[in-house]
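This explanation walks through a structure chain by chain, starting with where the chains meet. Please keep the sequence and the 3D view at hand while reading.

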Amino acid sequence: MVDMGRILIVDDTLFMRTLLKNILFSGGHDIVGEAGDGDEAIAKYQELKPDLVTMDVVMPKVNGIEALKGIRAIDPNAKVVMCTAVGQEQMVKLAIKTGAKGYIVKPFQAPKVLEEIKNVLGS
Amino acid sequence: MAVVPVKIEKNGKWVVGKIDLQQDGMTILEPLKAAIPYKSVIDLVEKKNLLIITAKGDPPTTYKIASVEKVLQAMKRFIAMSCSAYRLMAYFMSPAVRGGVLVTNATWEKGAIAVLKSTIWFVSQNKQVSIALKEVTSMELTKKEVQKNQVDVLKLDHMENSDVVTSYVLCPLSTLQILINFLKDATKDLEVTGEELDPLSAQVGMLIYSGMDSHAIENMLNIPHKNLDEIYDRLLKLGLAEVVLVRREVQLTPKGVRFITEAVKPPSQ
């Protein structure tokens with residue numbers, strides 16, 4: 001069972017990336033990279049081969065669902081945890097159908113995020 | 001129907017006793033010798049392995065009862081289904097989201113919702129969930145996909161052991177509207193008034209929500225302690241936050257400096 005992982009954070013806002021980085025770092029994870037949109041996420045996934053990706057759903061240019069498809073085309077076993085704002089829960093089904101392994105709704109609480117990441121890393 | 005072992009609070013002390021649970025009421029056999037018809041119960045509050053039952057009267061009588069989960073579960077189900085409360089048959093899903101994380105194995109439970117004086121109870125054959133009204137943080141009517149149809153549901157956000165939890169209620173729209181109106185009225189003290197937070201204060205609020213401490217917030221937002229303190233004052237004044245810990249910063253006295261200097265010297269041979 002893998003507890004700690006090399007993680008790529010994808011979110012178009014610096015604030016959310018920094019928050020997730022802090023939470024994941026406090027849980028002992030290694031943040032290997034950050035991306036601000038879906039295109040960058042796919043490129044960084046290919047380059048860095050992280051153990052897990054946290055992926056914002058609503059982003060400019062290529063959104064999180066499209067980026068998830070792109071990443072799964074490179075690696076069908078990719079572990080991607082989707083992250084979206086409250087009120088966009090209708091995206092959950094679509095994301096899970098597309099292959100997301102977990103789902104986080106903003107705002108979130110650090111201990112629960114770490115629990116979810118641990119579960120997905122161990123799955 | 002069944003006599004079960006419990007602990008009951010009597011005059012501020014916990015004493016071992018027994019309760020006879022029947023279909024329409026329960027009798028505390030010892031040490032209180034009190035009969036409590038379920039329909040006389042006006043409030044039922046759950047705290048860890050403890051139930052606080054308030055029965056009507058002048059003044060109302062409160063009983064604190066502790067027992068094992070199996071016994072409490074039976075009591076909760078009997079009382080919530082028969083007590084003096086606004087009750088409706090509904091489907092509920094609780095928790096659906098916990099701390100921002102989707103509960104992937106959450107399912108709809110068929111049961112009843114009982115709205116009591118200070119608590120809402122979701123009760124099904126296998127599950128009883130209580131939500132204190134003062135812990136309800138938001139509620140809204142929204143749509144959710146159920147068996148490939150978009151249906152109206154009540155989305156309820158509430159605190160549960162310091163986690164923020166989302167639950168859903170599914171029943172006819174007219175009943176949902178009655179429920180939401182009641183909940184809005186019962187939780188009007190928690191309504192956020194017109195005061196708006198500036199973006200930086202809102203970001204601080206979000207970081208507190210996520211569990212960041214002052215040091216992490218200062219580093220993340222790159223703001224000095226004094227500014228963060230001012231923002232905390234604003235949040236406190238608006239009733240949006242409460243003080244849980246006051247941390248001190250100290251500096252060493254000359255005696256302290258001498259102590260540390262001595263302490264780091266290598267041991268003499």
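Two residues count as being in contact if their C-beta atoms, placed from the backbone, lie within 7 Å. By that criterion, in this predicted model, 18 residues of chain B are in contact with 20 residues of chain A. On the side of chain B that touches chain A, two or more residues each come from β8 (86-98), β9 (101-102), β15 (163-170), α3 (199-209) and α4 (214-221) of chain B. The element that gives the most is α3(B), with four residues. By type, the residues on this side of chain B divide into ten nonpolar, five polar and three charged.

Chain B is divided into domain 1 (2-79), domain 2 (86-190) and domain 3 (194-269). Taken over C-alpha atoms, the centres of domain 1 of chain B and domain 3 of chain B are separated by 45 Å.

Now turn to chain A. Its secondary structure comes to five helices and five strands, and along the sequence chain A follows the pattern β-α-β-α-β-α-β-α-β-α. Along the principal axes, the C-alpha atoms of chain A fill a box of roughly 30 × 30 × 25 Å. A compact globule of 123 residues would have a radius of gyration near 14 Å, so the 13 Å of chain A agrees with that expectation. Of the 123 residues in chain A, 47% count as buried. Among contacts in chain A with a separation of 6 or more, 61% are accounted for by residues 24 or more positions apart.

Terms used
Residues are numbered from 1 along each chain as its sequence is written. Chains are lettered from A and ligands numbered from 1 in the order in which they are written. This is a predicted model: local features need pLDDT of at least 70, side-chain atom pairs count only at pLDDT 80 or more; totals for chains, interfaces and linings use all residues. Domain bounds come from an automatic or database domain assignment. The radius of gyration is taken over C-alpha atoms; the globule rule is 2.2 Å times the number of residues to the power 0.38. A residue is buried if 20 or more other C-beta atoms lie within 10 Å of its own, exposed if 12 or fewer, and partly exposed in between; C-beta atoms are placed from the backbone. Ala, Val, Leu, Ile, Met, Phe, Trp, Tyr, Cys and Pro count as nonpolar, Asp, Glu, Lys and Arg as charged, and the others, Gly among them, as polar.
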